[in-house]
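Have the model open while you read.

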Amino acid sequence: MEDTAKLIVYRDGEIIRNTHEGVKFVCQNPFSFVVPCTMTFMELQNGLCQSMENGTLMRVSRILYRNPVIVFGGLIQFDTMPITDEVTMRNMFQIHRQTQMQQPQIELYVEFETVEAEGIQNDLEVVNDRAAVYEGMSSDSEEDFEATYEAGDEEQDGDAGVETAADNVVVHPSSSQPMNVPPFMRELDLDTMHAPEFPEYSNIGVADPEDGEFRIGMEYSSRKSVVAAIRSYTIARGVDYDVYESERQTFYAKCKMYGRGCDWLIRASLIRKKGCWEIRRYNGRHTCTTRVISQDHSKLDSDTVAEAIKPLVETDPSIKVKTIIAKVQSRFNYTISYRKAWLLKQKSIAKVFGDWEESYQALPWWLSVMVQKMLGSVVQIETRPLYNGNEEAQGGIQALQAPSSGGKYKGTLLVAVAQDGNQNIVPIAFALVEGETADAWHFFLRNLRMHVVRKDGVGMISDRHESIRATVNHSGGDWQPPRAWWMFRIRHIGSNFLRAFKVPHLQKLVVNIGYSRMMEEYNINYKRLEERGEAYARWCDAIGLRHWVLAFDEGHRWGHMTTNFVECINSVLKGARNLPVLALVRATYYRLNELFTQKSAESHERKRAGYTYSVFAQQRIEASMQQAGNIVVHRFDRRNEVFEVHEMTSEKVLVVDLARRTCDCGHFQVE
């Protein structure tokens, strides 16, 4: 039995985006019919027009497929995919075969336009002409093939015809957001969500790798890829061509010097039997004089260069602009400006990871899917009115769990991290905000307290930012003693001191004050600073001792002198900050998923091996056992809580109180 599919067709309705399942088509009277999965694009258009029983001559102007995308290991979300040619038709049926258990029918949103009778007649003539051409393309006779493609009107239409024929498609927000998982997001071998249309055609965009020349019979997955290959070939050799024929089923070009010392020409055609484009005629190398490429080569446009650097961006979105400039220079012998290289990088990022603007449109539904799949995750989105003149436009987004971008659009990443018993850095919350404003910090810390840090007695280390201070002071006690202790990065205090007084030789002394574990140590360092200037000491006093001096923080810092472990998490986020917001969030999600999975496996393996403590704790215990050989301990009370410890090497006598968790050395309290 022939493979068939049921089509549900919507027209004169609405495309609703950002629903709980992604894109949704609605209309008053959808209709349906069954079609073979071998149906061609032209047959689909004709079938849709014949279904319109209103007596008016109609033509299909647009077809959108409600494309089911598998996310999070089985959950379906829908986006739109334009159906524009044979390739996208085959892709649609292929996706349907893979997902028909979850989505048994194919849903299409179709737009029609009314045409005059004379226009229809002209269209039919064109269709008939193209059908004749198609027979020639499919023919195995070289004579028939050449007769079909005699160029009668050698009008030089340039590349404009190429781009118009290939790219005159309206792309909607969600359809431009790729749902595959690039390798840089995680090192696991995941199934991508959008597989290549024709993975067997691996020579997309390149000529023969041996000598860089084309060969008759070479196959390409699409019209766009074969034109890109011809462009790249032309630019690399410093030559140029004119387009003699640019249609949906054929592309025919000749050297600009054709007939004047060079016979170079190339013709590529769509072969319907194979579902690919093929080089059908090629005259070999250029015989005209090769020259060094100029700065204004007509074929070296932004699309060509963006496509050339696309593999670099896909591997490392944080690639330096100067590296891109060098790549273009080596590939095309053409030096582009820094600004153009930056713009091309953003264009390539959009090609690989999705459109920058539309990424914001797709973000809410992706986050909603994440929460459904990952129980216990929390997403909080706040929007504010955005006005275009006097009219309210779409709101700006602030979201817990969404890191920010350092790419085309500026934003600020707020991140909270902690450490587990094995010194592993554990990210616990992210926020994507416009900047370090009081509102942004209030949004972040409020949600952090509400959803993540619910226990009391915690310590929070951060920079000494005024917006954080304002949030803490107006938190209703959520981030104040006894519920929480807010402390500063000690090295950040040193940097602030240097900016305030411009005395580098005293910066280290200020840092040493912060690192003082015992009162005696603090008094010595503080007195040294005061002797060098009373203003310096008063500046330190104004900060508040418990915020930055170890001897006064009552152990709430747990031995963390600075927030350098926040910088460590940048290795997890490397490259992600240069991406459109949705790709950035997804990269963070997959990388943290990989991190947590690996650490969980390590801890379970250690337990199975019979260990009681983590690696870090075990090492600390063993080190302490070794040091215990050089001390003499005397018990001071019958409850075994207070002890006198005599260090043989230093001859120090210290008192340890286990009940109060104190030691005269200061380490017990601090750590």
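Arg538 comes out as partly exposed, at a relative accessible area of 35%. Bear in mind that this is a predicted model. The salt-bridge partner of Arg538 is Glu534, with 3.1 Å between the closest N and O atoms. How far apart are Arg538 and Glu534 in helix α16? They sit 4 residues apart, about one turn of the helix, and α16 itself covers residues 534-543.

Glu534 counts as exposed, since its relative accessibility is 54% and the cut-off for that label is over 50%.

## A network around Arg483

Elsewhere, shared partners matter: salt bridges join Arg449, Asp456, Asp478 and Arg483 into one network. Within it, Arg483 bridges to Asp456, and their closest N and O atoms are 2.8 Å apart. This pair links distant parts of the chain, 27 residues apart. Arg483 belongs to the loop between α12 (466-473) and β18 (484-488), while Asp456 belongs to the loop between α11 (438-451) and β17 (458-462).

Are these two buried or exposed, or something in between? Arg483 has 27% relative accessibility, so it counts as partly exposed. Asp456 gets that label too, at 44%.

The side chains of Asp242 and Lys256 meet at 2.7 Å, N to O. Asp242 lies in strand β9 (residues 241-246) and Lys256 in the loop between β10 (250-255) and β11 (265-271), so the bridge ties together parts that are 14 residues apart in sequence.

Asp242 has a relative accessible area of 8%, and because buried means under 20%, it falls in that class. Lys256 is partly exposed, with 36% relative accessibility. As for the total, a search of the whole structure turns up 20 salt bridges.

## The four-stranded sheet

On to the strands. An open sheet is formed by 4 strands in the order β19-β20-β21-β22, with antiparallel pairing. Which strands are at the edges? Those are β19 (631-635) and β22, each of which pairs on one side only.

Start from the β19 side: β19 and β20 run antiparallel and are joined by 5 bridges. Look for Val633, which stands opposite Val645 in β20. Then β20 (residues 642-647) is joined to β21 (residues 653-657), again antiparallel, by 5 bridges. Here Val642 has Asp657 in β21 as its bridge partner.

At the other end, β21 pairs with β22 (residues 662-663) over 2 bridges, in the antiparallel sense. Asp657 turns up again at this step, standing opposite Thr662 in β22. If you're tracing which way side chains point, remember that in a regular strand they alternate between the two faces of the sheet.

## Two hairpins with positive phi

Where do the positive phi values fall? In the hairpin of β20 and β21, which has 5 residues between the strands, Glu651 takes a positive phi near 60°.

The hairpin of β21 and β22 has 4 residues between its strands. In that turn, Arg661 has a positive phi of about 60°.

Terms used
Residues are numbered from 1 along each chain as its sequence is written. This is a predicted model: local features need pLDDT of at least 70, side-chain atom pairs count only at pLDDT 80 or more; totals for chains, interfaces and linings use all residues. Side-chain values use heavy atoms; hydrogens and water are left out. A salt bridge is a side-chain nitrogen of Lys or Arg within 4 Å of a carboxyl oxygen of Asp or Glu. Buried means under 20% relative accessible area, exposed over 50%, partly exposed in between (1.4 Å probe, protein chains only). Two strands pair if DSSP finds at least two bridges between them.
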